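Try each task on your own before you read the solution.

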Amino acid sequence: MNTNRQWLLAKRPDGMVSRDNFEYTETPIPEAKSGEVLVRNLYLSFDPTQRGWMVDRESYLPPVAIGAPMRAGSIGQVVTSEHADFEAGDLVQTTGGWQDFVIAAPEQGPMGLTKLPVGVTPEMMLSVLGITGLTAYFGLLDLGNPKPGETVLVSGAAGATGSVAGQIAKIKGCRVVGIAGGPEKCQWLKQEVGFDEVIDYKNENVDVRIAETCPNKFDIFFDNVGGDILEAALNHMNMKARIVMCGGISGYNATEPVPGPANLMNLITLRARMEGFIVLDYMPRAGEAIVELLGWISEGQLKYQIDLQEGFDQIPDTLQRLFTGQNLGKQLLKIAEPF
Ligand SMILES: NC(=O)c1ccc[n+]([C@@H]2O[C@H](COP(=O)([O-])OP(=O)(O)OC[C@H]3O[C@@H](n4cnc5c(N)ncnc54)[C@H](OP(=O)(O)O)[C@@H]3O)[C@@H](O)[C@H]2O)c1
């Protein structure tokens, strides 16, 4: 291969993100300078937050510029190294973007450049031990502070983040109720993952079903969805409930500003707390989470699912899968084999 295939951001989205927002191009392979490495991307991570990066507004990271390769987390292999800590062949995690090759350095981009720990697969590093696993871990434990016997409600429950958050709550001795779309995902949560109850928001009345499945109301709501599901949940809080605002995917492709829940004042009467967070703030503590998550996986207490697509041409369509609920578990795409 002697060119760098890329998908560039061509047009900012209005409504559902689609292939039309991106443009395919080929450019020369870049060269690493002193302190840098040239990485060939092997696996790309797909994350709902990428939809936010496409919009020109203030956020926790600057927007992707029009004409730039779309930003994405990745696992790749070092091709050439001008950095003393890396050598050709190393498997590394970085923010490789939608392209074959990227110039990376340890202090560069939101994920820097780190070697994969020995024995950890790229799939694990981009899911349960990566951004989604760490989000579940720190969001639930730091913000939710679960105690044995409490009831934990999770939305987006069959997804990469939600399924791990729910399982950590089970490990901590909580009763866990998940909200997910469709019978297949609900069945997986109840029969394979071990959630106590599930609510199929596509086929059931969420407000009614939360009342049925949480007879003692809930103490923690780990919310990935926002919108109507958040509003329904706010009707079923216990005193001193904690709402962990992880994401609001139901509004990410909205064309109008998303209204807030009409019943927000329930937080006052119930002395409840609602708090947002960004997992990048927890990166200095990633090591402690990875050790504990790995322990739970090896003891069979924590399951994870990978939805692996293949092919460079599939990149734009793979992002859309997150917003149609087609993904079964962490959405990844493989674009090359290691050498
Ligand atoms: N705060 C942070 O630092 C942080 C970090 C990572 C992720 N997040 C957030 O965590 C959430 C989950 O991300 P993930 O990477 O783990 O993705 P994911 O849950 O694996 O995939 C996204 C899922 O969202 C659900 N969904 C899509 N549109 C929806 C809608 N309109 N209403 C309800 N559900 C909808 C779909 O599941 P169904 O089939 O069940 O609808 C889809 O499978 C997102 O909100 C993301 O922004 C936050």
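Contact here means heavy atoms within 4.5 Å. This is a predicted model, in which local features need pLDDT of at least 70, side-chain atom pairs count only at pLDDT 80 or more, and totals for chains, interfaces and linings use all residues. Residues are numbered from 1 along each chain as its sequence is written, and side-chain values use heavy atoms, with hydrogens and water left out.

**Exercise 1. Find where Gln 167 sits and list the residues that it touches.**

Step 1. Start with the element: Gln 167 belongs to helix 4. Helices (H or I, at least four residues) and strands (E, at least two) are DSSP runs, numbered from the N terminus.

Step 2. Check its cover. Gln 167 counts as buried because its relative accessibility is 2%. Buried means under 20% relative accessible area and exposed over 50%, with partly exposed in between (1.4 Å probe, protein chains only).

Step 3. Collect the partners. Once residues up to four places away in sequence are set aside, Gln 167 touches Val 193, Phe 195, Gln 301, Leu 302 and Lys 303.

**Exercise 2. Describe the shell around the ligand and its polar contacts.**

Step 1. Pick out the nearest residues. There are 27 residues around the ligand, and Thr 161, Lys 185, Tyr 201, Val 279 and Asn 327 come nearest. A residue is near a molecule or strand if one of its heavy atoms lies within 4 Å of it.

Step 2. Sort the shell by class: 14 residues are nonpolar, twelve polar and one charged. For this count, Ala, Val, Leu, Ile, Met, Phe, Trp, Tyr, Cys and Pro are nonpolar, Asp, Glu, Lys and Arg are charged, and the others, Gly among them, are polar.

Step 3. Look for backbone partners. A polar contact is a pair of N or O atoms within 3.5 Å; within protein, one must be able to donate a hydrogen and the other to accept it, and residues adjacent in sequence count only if both atoms are side-chain atoms. A backbone N or O atom of Ala 160 is 2.8 Å from a ligand oxygen. A polar backbone atom of Asn 224 lies 2.9 Å from an oxygen atom of the ligand, and for Val 279 the corresponding distance is 2.8 Å.

Step 4. Ask how covered the ligand is. Taken alone, the ligand exposes 910 Å², and the protein buries 90% of that. Accessible areas come from the Shrake-Rupley method with a 1.4 Å probe; for residues, only the protein chains shown count as cover.

Step 5. Name the contributing elements. Helix 3 (131–144), helix 4 (160–171) and helix 10 (315–324) are the elements that give two or more residues to the shell. Helix 3 gives the most, with three residues.

**Exercise 3. Is helix 10 mostly covered or mostly open, and what does it pack against?**

Step 1. Count the cover: seven of the ten residues of helix 10 are buried, and the helix is mostly covered.

Step 2. Name those residues. They are Ile 315, Pro 316, Thr 318, Leu 319, Arg 321, Leu 322 and Phe 323.

Step 3. Find their neighbours. The buried residues pack against strands 1 (3–9), 2 (22–28), 3 (37–45), 14 (306–310) and 15 (330–334), and against helix 1 (49–53).

Step 4. Look just past the helix. Gly 325 follows helix 10 and has a positive phi, near 75°.

**Exercise 4. Locate Lys 240 and Arg 271, and decide whether each is buried or exposed.**

Step 1. Take Lys 240, which lies in strand 12 (residues 237–245). Although Lys 240 is not a glycine, its phi is positive, about 65°. Lys 240 counts as exposed because its relative accessibility is 55%.

Step 2. Move to Arg 271, in the loop between helix 8 (266–269) and strand 13 (273–276). Arg 271 is not a glycine either, yet has a positive phi of about 50°. With 52% relative accessibility, Arg 271 counts as exposed.
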